[in-house]
Amino acid sequence: MQGMSERQYAAHVGLSRGAIQKAKTAERLVLYPDGSINAAASDARRAETTDPSKTRKPPAPKMKPVPEAAVAAVGDTLREQGLAVPAVGGGTTFLQAKTANEVLKAQERRIRLQKLKGELIERARALALVFRLAREERDAWVNWPVRAAALMAAELSASCSDATGQQITVEPAAMQKVLEKHVRAHLDELAEVRPDFR
């Protein structure tokens, strides 16, 4: 066999075997005496005899648009590692995206390893621990005026009496009320604080 078979020529020009058979019967292909197809000569003849308006254009490759969030994530990852970041609106090259992907994989492995070693804990557990500690701190502050009022009243009575020479007495109950008022006001301010756990 000197030339191509119908199947080989169909693959060569990107058409179906049926289209090649139609072109063969319409004598738009150059054949060798054994019936095989002369590819170079057939390509030239097909180019001469084919109406360009009736040719099917190969479909453009379908490319999915990349979300801006993904492009921004690639830029952030590259920036964190001190690598070159694409210009805004300049697009991300495949190499940059691949580099960012490898960096993220390495970070994920490092985090998994830290978790296995016990260096990292789950977010829910950390939040529960912080909440428990904050509640214990709040309870300690709420109970503090009761414990400290009598001591502070005695110290203030003694220091005021020494400075003025008169006997001045500060009542522990009055001191406790004032302390409780200020402690509760401070705790109310702290209750407004909302930490960002991102």
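This is a predicted model: local features need pLDDT of at least 70, side-chain atom pairs count only at pLDDT 80 or more; totals for chains, interfaces and linings use all residues.
The protein contains seven helices and zero strands. Read along the sequence, the pattern is therefore simple to write down, α-α-α-α-α-α-α. The chain has 198 residues, and 16% of them count as buried. The accessible surface comes to about 15,800 Å², and carbon and sulfur atoms account for 58% of that area. Contacts along the chain can also be sorted by how far apart the partners sit in sequence. Among contacts between residues at least 6 apart, 40% join residues at least 24 apart.

An α-helix has 3.6 residues a turn, so residues three or four places apart point the same way. The start of α3 has a detail of its own: a side-chain oxygen of N38 reaches to within 3.4 Å of the backbone nitrogen of A40.

Leaving aside residues up to four places away in sequence, R46 touches Y9, V13, L15, R28 and L29. Another residue of helix α3 is T49, which is partly exposed, with a relative accessible area of 44%. The C-alpha atoms of T49 and R28 are separated by 7.2 Å, although the two residues are 21 residues apart along the chain.

The loop between α2 (17-25) and α3 holds E27. Most residues other than glycine have a negative phi. E27 is not a glycine, yet has a positive phi of about 60°. E27 is also exposed, with a relative accessible area of 63%.

Attention now moves to charged side chains. Side chains of opposite charge can pair when their charged atoms come close. In this model the count comes to six salt bridges. One of them joins the side chains of K105 and E102, at 3.3 Å from N to O. K105 and E102 are three residues apart in helix α5 (residues 94-117), which means that about one helical turn separates them. K105 is partly exposed at 30% relative accessibility, and E102 is partly exposed at 38%.

A second pair, R132 and E136, meets at 3.5 Å from N to O. Both residues lie in helix α6 (residues 123-164), four residues apart, or about one turn of the helix. R132 counts as partly exposed at 40% relative accessibility, and E136 as partly exposed at 43%. The side chains of D139 and R138 also form a salt bridge, at 2.8 Å from N to O. Here D139 is partly exposed at 34% relative accessibility, and R138 is partly exposed at 41%. Elsewhere, salt bridges that share partners join E6, R17 and K24 into one network.

Note on methods:
Residues are numbered from 1 along each chain as its sequence is written. Side-chain values use heavy atoms; hydrogens and water are left out. A polar contact is a pair of N or O atoms within 3.5 Å; within protein, one must be able to donate a hydrogen and the other to accept it, and residues adjacent in sequence count only if both atoms are side-chain atoms. Helices (H or I, at least four residues) and strands (E, at least two) are DSSP runs, numbered from the N terminus. Contact means heavy atoms within 4.5 Å. Buried means under 20% relative accessible area, exposed over 50%, partly exposed in between (1.4 Å probe, protein chains only). Accessible areas come from the Shrake-Rupley method with a 1.4 Å probe; for residues, only the protein chains shown count as cover. A salt bridge is a side-chain nitrogen of Lys or Arg within 4 Å of a carboxyl oxygen of Asp or Glu.
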